[in-house]
Amino acid sequence: MKEHFSEQQEHWTKHFEGYDVFQEAYPSYVRMMEAHVDALSDCQLILDSGAGTGNLTVRLLKSGRDVIAVDSNKDALKYLYDKCSNVDVLGTLETKQLDLSKPLPFADDIFDGIVSSLVIPFVSPHKEYFSENFRVLKPGGLFSISAAVPKEGAMDALMQDIGIKATESGILPEHKDVFNRMWETSRQNEKTILQNGLIADELVAMLEEVGFTDVTVSKEQPYDGYVVWITANKP
Ligand SMILES: C[S@@+](CC[C@H](N)C(=O)[O-])C[C@H]1O[C@@H](n2cnc3c(N)ncnc32)[C@H](O)[C@@H]1O
């Protein structure tokens with residue numbers, strides 16, 4: 001178990017080496033971040049669940065929201081913290097290293113909003129993950145989720161697209177080695193997504209089962225066809 005945990009740590013640390021450089025040059029990723037921020041515009045205290053390197057957290061803080069950013073990867077959280085400390089942010093930030101497959105260390109009904117971006121296939125069991133998010137969300141709160149959909153070959157196609165944009169913006173070919181390492185970890189991610197990922201209808205059914213209402217699958221596909229974007233309310 002300990003071995004699996006340290007393998008996971010290494011995996012995400014390697015994946016994040018070039019993550020920000022390449023994702024921030026990929027307009028579809030930026031659009032997805034902005035879509036979450038807009039969806040959460042009425043929420044003051046937000047849980048960024050599986051925050052990674054903090055690309056969402058920093059945008060939320062800049063727009064005056066207070067964020068608790070949680071993730072199991074300590075390198076990502078350090079990177080997130082440094083990134084958010086280096087910009088003029090309006091909101092407050094707290095970070096916590098934790099395992100999202102376990103119960104959350106927060107009281108009931110405290111968050112105005114929760115965002116879960118590109119995390120769901122990696123966290124299981126999904127139903128427990130959703131019911132914990134439901135528990136800590138305030139009545140009237142919003143859950144905004146983008147989840148990678150299981151699709152064979154999706155990561156090769158995505159990395160090709162990311163590569164085209166990175167070449168256009170001059171990041172490639174200089175950072176080719178880092179790019180190739182991210183491609184390798186993305187292929188590993190695809191295996192997990194194929195094993196654990198859920199399609200939109202399954203996600204909707206599970207969210208409704210734990211009590212969410214107004215569960216809406218967006219017709220907009222902010223990250224092209226690679227993810228499904230869903231919003232849900234706690235009544
Ligand atoms: C693809 S990244 C997404 C990062 C960020 N949300 C984004 O959209 O850029 C997935 C994140 O989920 C985190 N993660 C995976 N399994 C986890 C778990 N069991 N508990 C907490 N975080 C986890 C990883 O450390 C990683 O930061």
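Student: How many helices and strands does the secondary structure of the protein chain come to?
Tutor: The model is predicted. Along its principal axes, the C-alpha trace spans about 50 × 40 × 40 Å. The secondary structure within it comes to nine helices and eight strands.

Student: What radius of gyration does the protein chain have, and why does it agree with a compact globule?
Tutor: The chain has 235 residues, and 41% of them count as buried. A compact globule with 235 residues would have a radius of gyration near 18 Å, so the value for this chain agrees with that rule. The radius of gyration of the protein chain is 17 Å.

Student: What share of the contacts with a separation of 6 or more comes from residues 24 or more positions apart?
Tutor: Contacts here are counted between C-beta atoms within 7 Å. Among those in the protein chain with a separation of 6 or more, residues 24 or more positions apart account for 74%.

Student: Which residues touch the most other members of the largest nonpolar core?
Tutor: In soluble globular proteins, nonpolar side chains tend to be buried together. The largest nonpolar core in this model has 65 residues. Those that touch the most other members are Phe-22, Ile-46, Ala-147 and Val-227.

Student: Which residues is Ile-46 in contact with, leaving aside neighbours within four places in sequence?
Tutor: Ile-46 is one of the core residues that touch the most other members. Its contacts beyond four places in sequence include Leu-40, Leu-60, Arg-65 and Val-67.

Student: Which residues are closest to the ligand?
Tutor: The ligand is surrounded by 17 residues. By class, this shell has eight nonpolar, seven polar and two charged residues. The closest are Gly-50, Gly-52, Ser-72, Leu-100 and Ser-117.

Student: Which residues of α8 are buried?
Tutor: Helix α8 covers residues 176–196 and reaches 30 Å from its first C-alpha to its last, close to the 30 Å expected at 1.5 Å a residue. An α-helix has 3.6 residues a turn, so residues three or four places apart point the same way. The buried residues of α8 are Phe-179, Met-182, Thr-185, Asn-189, Glu-190 and Ile-193.

Student: Is Asp-156 buried or partly exposed?
Tutor: Asp-156 lies in helix α7, residues 154–168. Asp-156 and Glu-190 are 34 residues apart in sequence and 9.2 Å apart in space, C-alpha to C-alpha. A residue needs 20 or more other C-beta atoms within 10 Å to be buried. Asp-156 has 13, so this residue is partly exposed.

Student: Where does Pro-125 lie, and where does Pro-173 lie?
Tutor: The peptide bond from Ser-124 to Pro-125 is cis, with omega near 0 degrees. The bond from Leu-172 to Pro-173 is cis, with omega near 10 degrees. Pro-125 lies in the loop between β4 and α6, and Pro-173 in the loop between α7 and α8.

Student: What is the phi of Asp-109, and what is that of Asp-224?
Tutor: Asp-109 is placed in the loop between β3 and β4, whereas Asp-224 lies in strand β7, residues 222–225. Asp-109 counts as partly exposed because it has 13 C-beta neighbours inside 10 Å; Asp-224 also counts as partly exposed, with 16. Neither residue is a glycine, yet phi is positive in both. The value is about 55 degrees for Asp-109 and about 50 degrees for Asp-224.

Definitions and conventions
Residues numbered from 1 in each chain as written. Predicted model: local features only at pLDDT ≥ 70, side-chain atom pairs only at ≥ 80, totals over all residues. Near = placed C-beta within 6 Å. Nonpolar A, V, L, I, M, F, W, Y, C, P; charged D, E, K, R; others polar. Core = buried A, V, L, I, M, F, W, Y, C linked by C-beta atoms within 7 Å. Buried ≥ 20, exposed ≤ 12 C-beta atoms within 10 Å, placed from the backbone. Contact = placed C-beta atoms within 7 Å. Helix = DSSP H or I, 4+ residues; strand = E, 2+ residues; numbered from the N terminus. Expected span 1.5 Å × (residues − 1). Rg over C-alpha atoms; globule rule 2.2 N^0.38 Å.
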